[in-house]
Amino acid sequence: MFSVVFLLALLAFSVTGSPVEVRNSTITLPMTRRLAFSNVTDLLRHDEARLVAFGKYSTRDRRGADAFPYPTVPLSQVELGFGMEGYTVRVAIGDPLTDYDLIVDSASAITWVGGALSPYFSFSGVNTNVPVAVTYPFGTFQGITYNTIICSKYLRLISIGTIWEDGITFSERVSISKISIGVASAVQNIAADGVLGIGPTLSGLGTLPNLPNQMVPTVIDRLFEEGTISRPVVGIFFKPTVANEDNNGELCFGGTNPKKYTRHVEYADISTIPPSSFHWGINQWIRYANIEILAPSPGIVDSGCTFLYLATDAYERYRAATGGTLNPVNGLLQISLEQYNQLSNLEFHVGGRILDFVPNAQIWPRSLNHKVNGGENDIFLVIQSLTTSTGAGYNFVNGYVFLQRFYTVFDSGRRRVGFAPTIFTQASTN
């Protein structure tokens, strides 16, 4: 630890036995997406909880414990999310090596284990006896630092755990000798064993109540410090998914995989405005058919949110421009086939590039309409509204529906986020 909290994703990525690839100081991990929600209400509740967690950062400062007035609860109770999986990756921890399927969270710096399926046990783990408390949408996680910290913002309830120091292994060739891991005593209603935090280190500030000005080194930090990777960078590749389970993702530590994108990566600096500044937050502005939907402003890039969220006033401008009407059953904007044929690109101006969010990217996959209580030929839009107007510190959240169209790079060393088009940027899969 050194001086100066994430969302249960509904859509899950898991390593399914494919080998870890190591090349040119980068590590690539294949991921599989599973749709584990029963209806659109689950999706929206999950996203809403995550957005609430982001908002808590707007009151965070460096005053220490005073900035985190969250109560403690017994360690024995940790309830995660809504019984749904997230994007997971398989790692091995401790001695003897024990496999854990960890949810990949781009909004959390913390890694934790001790889920319902694989409780933590290790002869090599060292208990640091440092309490840890991470705020979630419906509570907080508390524990002791064992030099392996793993925590997740989408926990419904807060629990007491511990932080241990232990090793983590990605493959026979790739491991971290010592990392801080949060260990929970019990987790319910989640088909995963914990969380792998790939958020910026700053997002972990304040998770140690007794050491409020200390941050916890992330997995990316430790891979870089031990010389396993040459840069503290992680690249993420998704492709549009239209089935309940699909091998469609890749996580790349240490750099990018040029085979996954078609043009160079364009970067934008991390925003200086909280709460965006605590996350992978950037500044962008959005236009639609020569209409300014969102003026240049800060927001968050997050793989854990399913939909793409805009501040309420920007959302209303988009709704008016597309002619979308709110479906009273599922809460999504709905358009007719004629309106779909008239959709324009939604232009995201990021850094020095315009990222075209094409009409097909703006709609929910029709093969999954049954998941959102829709008819076979209904057309729903994937843009949703935040509960706040512009000026709240984050005016958009570029969620999974956005990231599946662009290769995304989180660069903690240079505090920036990059995007590049892929062969799926203009795909018509939806």
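**Salt bridges, a buried strand and backbone features**

Glu-226 and Arg-222 form a salt bridge in which the closest N and O atoms are 2.9 Å apart. This comes from a predicted model, and seven salt bridges are counted in it. The two partners of this pair can be told apart by their accessibility: Glu-226 is partly exposed, with a relative accessible area of 29%, whereas Arg-222 is buried at 14%.

A second pair is found in a helix. Glu-316 forms a salt bridge with Arg-319, and here the closest N and O atoms are 2.9 Å apart. Both residues belong to helix α3, which spans residues 312-322; because they are three residues apart in that helix, about one helical turn separates them. Glu-316 is partly exposed at 38% relative accessibility, and Arg-319 is partly exposed as well, with a relative accessible area of 30%.

Arg-416 pairs with Asp-411 in a salt bridge whose closest N and O atoms are 2.9 Å apart. Arg-416 counts as buried at 14% relative accessibility, and Asp-411 counts as buried at 2%. Salt bridges that share partners also join residues into one network, made up of Arg-222, Glu-225 and Glu-226. As a general point, side chains of opposite charge can pair when their charged atoms come close.

Arg-416 is part of strand β29 (residues 416-421), a mostly covered strand in which six of its six residues are buried. Cover is found on both faces of β29: Arg-416, Gly-418 and Ala-420 are buried on one side, and Val-417, Phe-419 and Pro-421 are buried on the other. Strand β28 (residues 406-411) runs antiparallel to β29 and is joined to it by six bridges. In this pairing Asp-411 stands opposite Arg-416, so the two partners of the salt bridge described above, Arg-416 and Asp-411, also face one another across the paired strands. Strand β17 is likewise antiparallel to β29, with four bridges joining the two, and Asp-269 stands opposite Arg-416 in β29. Strands β28 and β29 form a hairpin with four residues between them, and Arg-415 in the turn has a positive phi of about 50 degrees.

Positive phi values are also found in two asparagines. Asn-290, a residue other than glycine, has a phi near 70 degrees. Asn-290 is placed in the loop between β18 and β19 (291-301) and is exposed, with a relative accessible area of 71%. Asn-373 is not a glycine either, yet its phi is positive at about 60 degrees. Asn-373 is placed in the loop between β24 (353-357) and β25 (379-380), where it counts as partly exposed at 44% relative accessibility.

Finally, cis peptide bonds occur in two loops. One joins Asp-95 and Pro-96, with an omega of about 5 degrees; Pro-96 is in the loop between β5 (88-93) and β6 (98-105). Another runs from Pro-274 to Pro-275, with omega near 5 degrees. Pro-275 lies in the loop between β17 (266-269) and β18 (281-288). Strand β17, on one side of that loop, is the strand that pairs with β29 through four bridges.

Definitions and conventions. Residues are numbered from 1 along each chain as its sequence is written. This is a predicted model: local features need pLDDT of at least 70, side-chain atom pairs count only at pLDDT 80 or more; totals for chains, interfaces and linings use all residues. Side-chain values use heavy atoms; hydrogens and water are left out. Buried means under 20% relative accessible area, exposed over 50%, partly exposed in between (1.4 Å probe, protein chains only). A salt bridge is a side-chain nitrogen of Lys or Arg within 4 Å of a carboxyl oxygen of Asp or Glu.
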